[in-house]
Structures are given as structure tokens and as C-alpha cells.
Amino acid sequence: MHHHHVAHRNCHFLNIMIDGTHLYPQGFHPDIIHQHLKPDKCAIAKHYMCTRLSVKYYFIDFGISRRYDASDRAPMEGIIRGGDKTTPEHVVPGQWAADPFPTDIYYLGNFIRQHFLEGFEEPRIGYRVPGHAGFDFMAPLMQDMVHPNQTQWPTIDVIVARFADIWQSLRACMVSKGEFAYWPHRVVAHWCCCMRFVALRV
């Protein structure tokens, strides 16, 4: 998107969608509280892990997005208060304009921070949604994307390159010691999954 000089300007989690067709071949209930159930809520929905089947993510809601001229390397745009209101330009007194491309980077970094690492408050369901275990490897990249100094935010090209390096460096087994000690059934399931992956590759 940035390569085509398009800034989304509202990369809030509600505007990031996943095509779950392959993961849930029989569908799932659209309610966030019952997404683990079939559409009629009669049983647990059959599903597969993202590590087994590839998925695609999509940005939606381009209502306030804008495409800029390729020669304009740092366009200054009036600040828009989208879904994520934690960006520095929203809290700096007297700031009325900002480059929307770095702001997109902050939005994505904050999305990773809230939905994968630290968790977030969800008023629609009335409690705090916790982060996910095992995503600590994303913390250094996320911290750079939400750095207090806006000039330190990496570009999308740098992020893609760093994520590729992170992906290549991950071990096949990401099970923590705590899971070995307290969740033996998860360990068995993990190794069964690994054996299936090996069999599929062969």
C-alpha cells in the first residue's frame, strides 16, 4: 500500500480483516464472544491453525485514505482522530498536521502491542482481552514502531525486512517451559502437529 503512495490513515484493529474461509471450512458464529462455535451455536466449529493453512489479511474502510504524489516524500496532512487515538500527534498540544505514512506504522505497531503482546480493554464484552503467549519475539520490532520519538519509527520497507529476519530465526518449537510443566496435553498436541507438518512436506 505504501509502495503505491497510499496512506490508510486509520489502521485500527476493526479495519484489519482476515479471510477465515480455509481455517473454518464449516463457518463460525460472527459474534466475538461465540466465534469458536458453529454459525448455529450447536457445537464447536471445526477449525485449523494458521500454521497449517495460509490466510490472507485485508485492510478495509478506505474512507479517509489518500494517495499522494510519488514526489511528495513527507506529505503533511491534517490530523484525523480515527479508531486509534493514542498516536503522539493526538496528544501533542498545538500539533495540527502530521505525515500519515509514519502514523500508519504506529497504528500497526500498536495493533501488535494490544492484540498480540499486552492485551487491551474491550468495552463491548466488558473485560480485558489478554495478549497471547509466545509472541515476545515481536516485542523489539513493536517497540520501535511505537517509539515515543516519531522520527525513530521505521519505514514499511524496514519493517518487512526485519520481520523476514525474525521469521527465519524462529525455532520450529516455540513451547515455553511453563507449558511443559503444567500443560502436558499441549506438548503432545504440539509434537503431533509437528509430525504432521513433516509428513506433509515429505
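1. Basis. The model is predicted, so local features need pLDDT of at least 70 and side-chain atom pairs count only at pLDDT 80 or more, while totals for chains, interfaces and linings use all residues. Residues are numbered from 1 along each chain as its sequence is written, and side-chain values use heavy atoms, with hydrogens and water left out.

2. Salt bridges. Searching the whole structure gives three salt bridges, the term meaning a side-chain nitrogen of Lys or Arg within 4 Å of a carboxyl oxygen of Asp or Glu.

3. E77 and R66. In the salt bridge between E77 and R66, the closest N and O atoms are 2.6 Å apart. E77 belongs to strand β5 (residues 77–78) and R66 to strand β4 (residues 66–67), so the bridge ties together parts that are eleven residues apart in sequence. Helices (H or I, at least four residues) and strands (E, at least two) are DSSP runs, numbered from the N terminus. E77 counts as buried, at 15% relative accessibility, whereas R66 is partly exposed at 41%. Here buried means under 20% relative accessible area, exposed over 50%, and partly exposed in between (1.4 Å probe, protein chains only).

4. R162 and D144. The salt bridge between R162 and D144 has its closest N and O atoms 2.6 Å apart. Helix α4 (residues 156–169) holds R162 and helix α3 (residues 139–145) holds D144, so this pair ties together parts that are 18 residues apart in sequence. R162 is partly exposed, with a relative accessible area of 27%; D144 is also partly exposed, at 28%.

5. E121 and R128. A salt bridge joins the side chains of E121 and R128, at 3.4 Å from N to O. E121 is exposed at 54% relative accessibility, and R128 is partly exposed at 41%.

6. Nonpolar core. The largest nonpolar core has 17 residues, of which Y106, I112, L117, L141, M142, M145 and I159 touch the most other members. Two or more residues come from each of α2 (100–118), α3 and α4, and α2 gives the most, with six. A nonpolar core is a set of buried Ala, Val, Leu, Ile, Met, Phe, Trp, Tyr and Cys residues joined through side-chain atoms within 4.5 Å.

7. M145. Which residues does M145 contact, leaving aside its neighbours within four places in sequence? They are I105, Y106, L108, G109, I112, W153, P154 and I159, where contact means heavy atoms within 4.5 Å. M145, Y106, I112 and I159 are among the core residues that touch the most other members.
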